[in-house]
Amino acid sequence: MGLAPKALIDHAALRHNLQRVRDTASQSKIWSVIKANAYGHGMRRAAHALQESDGFAVARLDEGLELRQAGFRHPILIMSGCYSPEDWLAAIDNDFDVAAHQSHQIDLLESLTQTKAAINVWLKIDSGMHRLGIRSDQVAQLTERLGRHPAVREINLMTHLANGDDRSDVYTEQQIRCFDAIDATPFSQRSIANSAGVLGFPASHREWVRPGIMLYGVSPFIDTTAEAEGLEPVMTFSSQVISVQQCRKGDRIGYGGTYRCAEDMPVAVIAVGYGDGYPRHAGEGTPVLVGDRRLPLVGRVSMDMITVDARDYPQVTVGEPVVLWGRGLPVEEIAKSSATIGYELLCGITSRVEFVDMNQMDGRKG
Ligand SMILES: *Cc1c(COP(=O)(O)O)cnc(C)c1O
């Protein structure tokens, strides 16, 4: 098998983080967001661990179909909605809840002649993000059209927060006010909150919340860690030392020789690179947990390897376990060092990495 990186996925941590959502938004049902292969963790795996969720939310129709094919009978919300009459038929056949964020999608629904099955449509309004969503002044007319459609069971209302990652930003309250200014009478259920809304803005909890990143044990805020939010990291990205070099003063390390040794020093080479999803832009000094020491990254990240300054741990040997992020080394820190966010790092683990499940519950439920 050789020495190669692994992604350990802690199912108990997923369950713990789901419970954290329950405790925080106790009046709300939970759409566990498992789009993008469950933020890189594996969609089916995450759905199994999170089967106590009230429903699953995904971005695209294909993701919902994969979940149904895997046997999940939960409510499934397709957040970017349908783009053809066939999409709507598939959504109806599979009993999906479907977001509609533009009138074109309702035109497509109206082009169907099918009248038997029933579907829940979530009218998605633009409350300030200006990405997807209909304007408030279109709501009444589109709601009326949906109300006339024989296949529509529930009409629901949703929106998405743009700046929730900053607890002090008043923009979130403005978005909630914009949402609340809409007459709620025609709507059976409503949803505003992503993870930041769940943890930071109780006023955004409605009948449903839509947490993603917090389920994976990452803080949704720019200035806090998962630990401070009571979350447990789910993915531990790990590897091993494959070589230790005794470098001399003045030696330059790796491609481009960007790092020059200030003195004679040991440099440990670790089997992980951007070909596995370690960020190529990780800055010099990015911490790497070797054994139980934090050693700083030096030199450029290669496709299959990284190099770390081992002066604080000269006894390091080949085969020593390494954590790139996860237990003992928050992904938030690596993200900051790489000018990105934890979301991107988690999503970026490549298919070359072996996934290992930990703390799975025996047997299936539901
Ligand atoms: C991805 C997504 C979420 C989850 O967001 P997190 O920040 O990961 O909690 C919720 N709602 C919508 C519409 C999304 O696209």
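Predicted model: local features only at pLDDT ≥ 70, side-chain atom pairs only at ≥ 80, totals over all residues.
Good morning. I begin with the ligand: one of its oxygen atoms lies 2.5 Å from an N or O atom in the side chain of Tyr39.

A polar atom in the side chain of Lys35 is 2.7 Å from an oxygen of the ligand. In total, 13 residues surround the ligand, and the closest are Lys35, Tyr39, Ser195, Ile213 and Tyr343.

I turn now to the largest pocket. Its space amounts to about 1,100 Å³. The lining consists of 45 residues, and those closest to the pocket centre are Tyr39, Asn194, Ile213, Ile341 and Tyr343. Sorted by class, the lining holds 22 nonpolar, 12 polar and 11 charged residues.

My last topic is the cysteines. How many disulfides does the count give? The count comes to zero. Consider Cys247: the closest cysteine sulfur to its own belongs to Cys261, at 4.5 Å, which is too far for a bond, because a disulfide requires the two sulfur atoms to be within 2.5 Å. Is Cys247 buried or exposed? With a relative accessibility of 13%, Cys247 counts as buried. Cys347, by contrast, has a relative accessibility of 39% and counts as partly exposed.

Thank you for your attention.

Key
Residues numbered from 1 in each chain as written. Heavy atoms only, no water. 1 Å grid on protein atoms, 1.4 Å probe; cavity = no way out; pocket = protein on both sides within 12 Å on 5 of 7 lines; lining within 4 Å. Points joined across faces, edges and corners; volume = space filled by probe spheres on them. Nonpolar A, V, L, I, M, F, W, Y, C, P; charged D, E, K, R; others polar. Buried < 20%, exposed > 50% of the residue type's maximum accessible area, 1.4 Å probe, protein only. Near = heavy atom within 4 Å. Polar contact = N/O pair within 3.5 Å; in protein donor to acceptor, adjacent residues only side chain to side chain.
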